[in-house]
Amino acid sequence: MMPHLFTLPNCLALSVLLVLIGAFGVFRRHSLIMVLLSIEVMLNGVNLSMVSFNYFRWGTSETSHYLYMLSIGVAAVEAAVGLSMIIVLFRNYNDITRDRVARLGERAS
């Protein structure tokens, strides 16, 4: 018989793994699109832990489901704003790296 893998420690370990993978992507990637995708992975790790706690600890409460839906809405808005900023950056500079963002305040010489 296969052991039961759907437990709270396993779900929390998976959520921590997702957050760490996302953090690695945020710090290692230079493309702003990859940084934005890494932030989404981190957000999904947090959402997984929230839903796991609700399922295993407060099974009758629906609070985390509402928070999860709110989090998805915030993530959608964040992605839309981030992508629009990346599009504007690409149109003006033909470059979407984090180095370009760091040089936005500098004057051209």
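Leaving aside neighbours within four places in sequence, V101 is in contact with L32 and L89, where contact means heavy atoms within 4.5 Å. V101 lies in helix α4; helices here are DSSP runs of H or I with at least four residues, numbered from the N terminus. This is a predicted model, in which local features need pLDDT of at least 70 and side-chain atom pairs count only at pLDDT 80 or more, while totals for chains, interfaces and linings use all residues. Residues are numbered from 1 along each chain as its sequence is written, and side-chain values use heavy atoms, with hydrogens and water left out.

- V101 counts as partly exposed because its relative accessibility is 36%; buried means under 20% relative accessible area, exposed over 50%, and partly exposed in between, using a 1.4 Å probe and protein chains only.
- V101 and M34 are 67 residues apart along the chain, and their C-alpha atoms are separated by 14 Å.
- Helix α4 covers residues 98-102 and is among the elements that cover the buried residues of α3.
- The cover over the buried residues of α2 also includes α4, together with α1 and α3.

**Helix α2 and its buried residues**

- The end C-alpha atoms of α2 are 36 Å apart, which agrees with the 36 Å that its 25 residues should span at 1.5 Å a residue; the expected span is 1.5 Å times one less than the number of residues.
- Buried residues in α2 are L32, V35, L36, S38, E40, G45, N47, S49, S52 and N54.
- S52 sits in helix α2 and is buried, because its relative accessibility is 4%.
- Beyond its neighbours within four places in sequence, S52 is in contact with L8 and C11.
- S49 is also found in helix α2, and it counts as buried because its relative accessible area is 18%.
- Not counting residues up to four places away in sequence, S49 touches L12 and S15.

**How α1 and α2 pack**

- Two packed helices are described by the angle between their axes and the distance between the axes.
- Helix α1 (residues 8-28) packs with α2 at an angle of about 165°, and their axes are 7 Å apart; axes are lines fitted to C-alpha atoms over the stretch in contact, and angles run from 0 to 180 degrees between N-to-C directions.
- That angle makes α1 roughly antiparallel to α2; angles over 145 degrees count as roughly antiparallel, under 35 as roughly parallel, 65 to 115 as roughly perpendicular and the rest as oblique.
- The crossing of α1 and α2 is left-handed, a term used if the near helix is turned anticlockwise from the far one by less than a right angle.

**How α2 and α3 pack**

- The angle between α2 and α3 is about 180°, with 10 Å between their axes.
- This makes α2 roughly antiparallel to α3.

- With 31 residues, α3 reaches 44 Å from its first C-alpha to its last, close to the 45 Å expected at 1.5 Å a residue.
- The residues of α3 that are buried are S64, S71, A75, G82, I86 and L89.
- A79 has its place in helix α3, which runs over residues 63-93.
- Between the C-alpha atoms of A79 and L36 there are 7.2 Å in space, although 43 residues separate the two in sequence.
- A79 touches L36 and E40, not counting residues up to four places away in sequence.

- N94 is found in the loop between α3 and α4.
- Phi of N94 is near 55°, a positive value in a residue other than glycine.
- Most residues other than glycine have a negative phi.
- N94 is exposed because its relative accessible area is 61%.

**The salt bridge**

- How many salt bridges does the structure hold? The structure holds one, where a salt bridge is a side-chain nitrogen of Lys or Arg within 4 Å of a carboxyl oxygen of Asp or Glu.
- D95 forms a salt bridge with R103, and their closest N and O atoms are 3.9 Å apart.
- R103 is partly exposed, with a relative accessible area of 35%.

Note on methods:
Helix = DSSP H or I, 4+ residues; strand = E, 2+ residues; numbered from the N terminus.
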